[in-house]
Each structure stands twice: as structure tokens, then as C-alpha cells.
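These notes are meant to be read beside the model, point by point. Please keep the sequence and the 3D view open while going through them.

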Amino acid sequence: MAGLYIHIPFCAKRCLYCDFFSNTDMKFKEPYIDAAIREMELRQEYIGGEPLDTIYFGGGTPSQLQQADFERIFEAADRLFGTSSCTEITLEANPDDMTPEYVASLRNLPFNRISMGVQSFKEKDLRFLNRRHDREQALRAVGLCKENGIQNISIDLIYGLPGQTLEEWQENLDDAIRLEIPHISAYHLIYEEGTALYKLMEAGKVTPIEEDLSVTLFSTLINRLTEAGYLHYEISNFGRPGYFSRHNSSYWTGTKYIGIGPSAHSYNGESRQWNISSLPRYLQGIKAGIPDIEIEELDINTKYNDFIITGLRTMWGIRTADIRERFGEEKQTYLEQQAATYLRQGLLIRENDTLTLSKKGIFISDGIMSDLLWV
């Protein structure tokens, strides 16, 4: 089974913190949809004929497209890859796009999961982040999804905003829990170079929060959602049983996937590929029949390192037997030697031949994973 990711690079306006590739000029919409369909045709063989298990429309803001746009893309995906075996089809959406008419139109499409970029239920946070929606629109969007039979809902939340208090973060989590949203992705605010947020920090107009508060906010996130019945199945992701993101989980479990559109990434077990992060150059390449793609062929050391980084992020962890079977006895021995100190310190847990991060280990996961990599 494989995954299909389709990047929709259009936004009505840019958010303060976002470094994902996007474009605010909707005049490119029709040429882009044509190009995305053509790219699927050109790269149909990348996943080796494996049937699709998941489709994910990400962005950008996929909810800027209308029913007819999605129908064209779904027709092509079914014709080229086959979609009858798909168990999860996700639409990323902005809450303010989710009007009664728009949500009702989704019932005519095969979407069965909605992922909304709420980010915060606090008006001051939304204004700071330059989000288009307000608190009431976020609440209404969740309600409209449920009224239209969409129960598999995920929201994104951001914490660690300048000036954010622990109490404000707790109130955000309480709002999400009261809405009975079955999946929550929560990310610490990152000051990515080139973003408007980074420029504000460079100018001294905003200051990142202290590390101690960052740790407290993350700890509160874990504790509060765990108490509410969510499973912490990946470092930034929490889901009620049966509501984990199958598509995102494929990234962490080594499943093949193909990414369509500018900046989209692909993986087939032997190579990683990523499209150019430029809409004009992407369109030119597709028109010429030569997609503008960079390729990294994966040697055994890179495959081992990928396996460590992705597997240890999840609650499923890493089976040392898998290391031996996939990468050889030398790497299994190396992994066990490198992990020994963290096992003694209680930062890693070994159970039934599987290594997982302990609750303490999650807080320094980057350092642990770095030490387990083959160098």
C-alpha cells in the first residue's frame, strides 16, 4: 500500500510563521491543476503499482479549491493509481473556508477526514499569527463537519508564542477537548529563517519564550491530552484510538508515497525526491514533460538513519530484530551499544525487543536519535 500527497500551493494570505511553499495569486489555479494531473501521469510508476491506502491534500490551503477542482484531481488519481482501496482521504482546511455551503459540498467528494489549521482559540494569538479566521469560525467549522457526517477531525495547535502563559495554553487544550476532536497535532512555534516572524525577531520586536516555559508547555500538552484519553503516538501527534493519521503514519513507518506539486516530497524505499519550490518553474517543467525534481538515492547507511529517526518518533519504536534483518548484524550491535547509556538512564525503554522513548526521553529526543545514527 502507498500514499499520495497533493500539494495545493494557494493561500488567501500568508501566515506570520509559515515557511511552507505557497502562492497568493489564484490566477494560476487552473494551470496548476492541469500540471498536477500531468505530473501524476508522468510519474505514475514511482510507487511501483502499489495500491493507494491514503490520499492527503496539503498546502498551502487546499480548501481554496472548489468541488469541481477536486473532482478533476480525483478522477485522475483513480485513473492512474486506483483509489478504491483508500481508507483515508484527508483535506487540510482553513476554518473560515468551512462555510455551510462548502462543508455540504464535501459530501459529494470522497473526503473522510478533515485537518484544520486552528492554531489557537485565542483571538490575540490568531491576530498575531496573521490567521484569517477567528475563534467563533473555528468553533463553527468543527460543528459543521460533525453536522455533515465528518467525525474524523484533526486540528493543529501552536504553542510557545511570544508572551503566551501556561494558563492560556491550558485553556486552548481545554477548548479542543470540550469539542471532542479525536486528533490533535501540536507544534512549538519555530522562527524559520525567511519568514515574517523571523524578521520580527531579528528586529527585536518579538522574543522567543524561555526554554523552561517551553518544556512546561510541552509537558502540560502531554499530561492534559493523556488524561483526556488521547494516545501520544508521535512526538507532535495525539489521537483517540482509531483516529491516528494513517497518511502521516506512513511517513514514520517507511511506507511508499508520491508527492505531487511544487515542493512536494516522495519516497519509494530506494530514493527520496522533491519537486522544485517554485510555481513558475514547476509549471514549465511539467509542460516540457521533464519535472524539475531533485533525487537522492539512498544507501544502506542513510536507510538505517531514516529508520531510526522516523521509528523512534512514534510509540511503536524500533525493533532491534528489524535492524538486523534490514541492515545487518553490525548495525544492530552498534544500535544496542549506543542505546545502552540511555536505557540505564531511563530515557529509552526496551520491551519485547523494541526500543521506545520514555516520557523523559521525549524531551531530549533529538539528542538521543542523533547518538543512535550511523556516522
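1. In which loop is Glu180 found? Glu180 is found in the loop between α6 (166–178) and β6 (183–188), where helices (H or I, at least four residues) and strands (E, at least two) are DSSP runs numbered from the N terminus. Glu180 has a positive phi of about 55° although it is not a glycine.

2. On the basis of the notes: this is a predicted model, in which local features need pLDDT of at least 70 and side-chain atom pairs count only at pLDDT 80 or more, while totals for chains, interfaces and linings use all residues. Residues are numbered from 1 along each chain as its sequence is written, and side-chain values use heavy atoms, with hydrogens and water left out.

3. A further backbone point concerns the peptide bond from Gly59 to Gly60, which is cis, with omega near 15°. Gly60 lies in the loop between β2 (52–59) and α2 (67–80). As background to both backbone points, most residues other than glycine have a negative phi, and most peptide bonds are trans.

4. The chain is divided into domain 1 (2–252) and domain 2 (300–372), with bounds that come from an automatic or database domain assignment. Between these domains the contact (heavy atoms within 4.5 Å) takes 14 residues from domain 1 and eleven residues from domain 2. The C-alpha centres of domain 1 and domain 2 lie 29 Å apart.

5. The area buried between domain 1 and domain 2 is about 1,100 Å², and carbon and sulfur atoms give 70% of that area; buried area here is the accessible area (1.4 Å probe) that two parts lose on being put together, summed over both. On the side of domain 1, the residues that lose the most area to domain 2 are Tyr233, Ile235 and Trp252, together 44% of what that side buries.

6. Across the interface of domain 1 and domain 2 there are four residue pairs in polar contact, with both residues at pLDDT 80 or more. A polar contact is a pair of N or O atoms within 3.5 Å; within protein, one must be able to donate a hydrogen and the other to accept it, and residues adjacent in sequence count only if both atoms are side-chain atoms. On the side of domain 1 that touches domain 2, the elements that give two or more residues are α8 (211–227), β7 (231–234) and α9 (246–252), and α8 gives the most, with five residues.

7. The count between domain 1 and domain 2 is one salt bridge, a term that requires a side-chain nitrogen of Lys or Arg within 4 Å of a carboxyl oxygen of Asp or Glu. The side chains of Arg313 and Glu234 meet in a salt bridge, at 2.5 Å from N to O.

8. Thr310, in helix α11 (residues 300–311), touches Tyr251 and Trp252 when residues up to four places away in sequence are not counted. Thr310 and Phe244 are 66 residues apart in sequence, and their C-alpha atoms are 16 Å apart in space.

9. Asp97 forms a salt bridge with Arg132, and the closest N and O atoms of this pair are 3.3 Å apart. The pair links distant parts of the chain, 35 residues apart, with Asp97 in the loop between β3 (88–93) and α3 (100–106) and Arg132 in the loop between α4 (123–128) and α5 (135–147).
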